[in-house]
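Student: I would like to learn how to read a model like this one. Can we go through it feature by feature?

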Amino acid sequence: MRRAFITGITGQDGSYLADFLLAKGYEVHGLTRTESPARADRIQHLRDNPRLVLHFGDLCDAMALYRIIHKVQPHEVYNLAAQSHVGLSFDSPDHTANVTGMGALRVLEAITQSGCKPRFYQASSSEMFGKVVEAPQSERTPFYPRSPYGVAKAFGHWMTVNYRESHSLHASSGILFNHESPRRGEAFVTRKITKAIARIKAGMQHSLALGNLDARRDWGFAPEYVEAMWLMLQQDQPGDYVIATGETHSVREFVATAFDHVGLDWHAFVVIDPKFIRPTEVDLLVGDASKARRVLGWEPRTRFVDLVRLMVDADMDALEEEVARSQWGESCRTEKFVEQPQLVSQV
Ligand code: NAP
Ligand code: F7E
């Protein structure tokens, strides 16, 4: 049975990658920094799967990484863990460099010290292109990161290239452009918008504060992007790959499409709050994924409008369920029924 080790398994991509690899028959090992599996809500649905094993650790703890990799002897390692919020990286540059940059090096070093030779995937980012020198951006476009996060990712990227060349490691780097889903963190702009729309429709929120609406991003659908990660590790030769849709849209277009989907005019709800404007911005991202198409046979399937709609619909459904659950809990309490919290088994 093939074994994979995923750092960041509790995040958006890690949880989709775990779904994908388990469906392919892998034994999946994941790094988690929470001792309580109940808090890892994105992988709750996998908690009874006997082929999922969680290991307690942190990307800042080199010894723990070494011990886990040495014990698991994985065939594939996916380094997805990171402090991944660009805005936050301006307030926490040291922490971001330590986790997002040095963390990648610690995983690479743990692999080489452990004596096993797994194939390695590094979650690189279009944020490395930053103040772009050309459009669209490809594997050949020079980096010009614009945030501590982008700089940390560029470090992790070049470390991956270096371990590929100096240790003959099958190490690949996916330069992924923005990808979203109903599991996207709520502090990222797409999910912040779609969640707010659900609450506005339900009368629970009356406005939405955002920052720069002019920034343009190349937004794809996360479950499709984790397939590309896996495909990179199935190639005879390691390499770097841009993964993107090739379409670019502004934050304003995302807002308008999302509000329009539920029949609301966004102008009546969106306010600009300078606290969400970054000291330096990445104005335009649009990727050229022709290498991935040619070598991996990978293509994006979900287009912008469908992505926006599916995220809005998912947040509307989730809120409806939450409201129904809380009403059910309320009626149980009135009947003096004491609900036991469900015990979550160790995953
Ligand atoms: P995410 O949802 O923010 O998940 C980040 C993961 O990293 C979580 O599992 C988090 O664990 C974990 N983590 C954070 N700090 C850690 C630490 N010190 N030690 C161990 N684990 C730690 O990110 P994502 O959207 O899935 O993205 C996955 C990776 O791809 C990240 O490296 C991100 O930078 C990169 N990336 C993302 C995109 C995108 O558009 N989504 C594009 C390009 C690259 P907790 O659950 O405990 O917080
Ligand atoms: O911002 C603007 C903001 O935080 C997108 C991460 O996954 O993708 C992500 O980084 C744009 C920016 O994503 C708000 O200024 C406006 O221009 O959703 P975001 P990001 O910064 O592009 C890359 C590829 C990664 O690698 C990262 O890990 O939206 N924006 N108003 C806002 N952004 C946020 N978060 N909140 C706002 O209120």
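Student: Which atom of S84 lies 2.7 Å from an oxygen atom of ligand 2?

Tutor: A backbone N or O atom of S84. Keep in mind that this is a predicted model.

Student: Which residues come nearest to ligand 2?

Tutor: There are 23 residues around ligand 2, and S125, Y149, K192, R278 and E281 come nearest. Y149 also has a polar side-chain atom 2.7 Å from an oxygen atom of the ligand. At G211 the backbone takes part: one of its polar atoms is 2.8 Å from a nitrogen atom of ligand 2.

Student: And which residues come nearest to ligand 1?

Tutor: T10, D13, S84, Y149 and K153, out of 24 residues around ligand 1.

Student: Which polar backbone atoms lie by the oxygen atoms of ligand 1?

Tutor: One belongs to G11, at 3.0 Å from an oxygen atom of ligand 1. Another belongs to L80, at 2.9 Å from an oxygen atom of the ligand. For a nitrogen atom of ligand 1, look at L59: a backbone N or O atom lies 2.9 Å away.

Student: Now the sheet. In what order do the seven strands run?

Tutor: The general idea comes first. Strands of a sheet pair through backbone hydrogen bonds, either parallel or antiparallel. In this model the order is β3-β2-β1-β4-β5-β6-β11, the sheet is open, and the pairing is parallel. The edges are β3 (52-56) and β11 (240-243), each pairing on one side only. Between neighbouring strands the average turn is 20°, direction ignored.

Student: How many bridges join β2 and β3?

Tutor: Five, in the parallel sense, with β2 covering residues 27-32.

Student: Next, the backbone. Where is there a cis peptide bond?

Tutor: Most residues other than glycine have a negative phi, and most peptide bonds are trans. Here a cis bond joins A135 and P136, with omega about 0°. P136 is in the loop between β5 (119-125) and α5 (148-166).

Student: Which residue has a positive phi although it is not a glycine?

Tutor: Q73, with a phi of about 50°. Q73 sits in the loop that connects α2 (62-72) and β4 (76-79).

Student: Last, the pockets. What is the volume of the second largest pocket?

Tutor: About 630 Å³. To read a pocket, ask who lines it. This one has 20 lining residues, with D41, P182, E186, R191 and A318 nearest its centre. The elements that give two or more residues to the lining are α6 (189-201) and α10 (304-334). α10 gives the most, with seven residues.

Student: How do the lining residues divide into nonpolar, polar and charged?

Tutor: Twelve are charged, five are nonpolar and three are polar.

Methods:
Residues numbered from 1 in each chain as written. Chains lettered and ligands numbered in written order. Predicted model: local features only at pLDDT ≥ 70, side-chain atom pairs only at ≥ 80, totals over all residues. Heavy atoms only, no water. 1 Å grid on protein atoms, 1.4 Å probe; cavity = no way out; pocket = protein on both sides within 12 Å on 5 of 7 lines; lining within 4 Å. Points joined across faces, edges and corners; volume = space filled by probe spheres on them. Helix = DSSP H or I, 4+ residues; strand = E, 2+ residues; numbered from the N terminus. Nonpolar A, V, L, I, M, F, W, Y, C, P; charged D, E, K, R; others polar. Pairing = 2+ DSSP bridges. Axes fitted to C-alpha atoms, helices over the stretch in contact; angles between N-to-C directions. Near = heavy atom within 4 Å. Polar contact = N/O pair within 3.5 Å; in protein donor to acceptor, adjacent residues only side chain to side chain.
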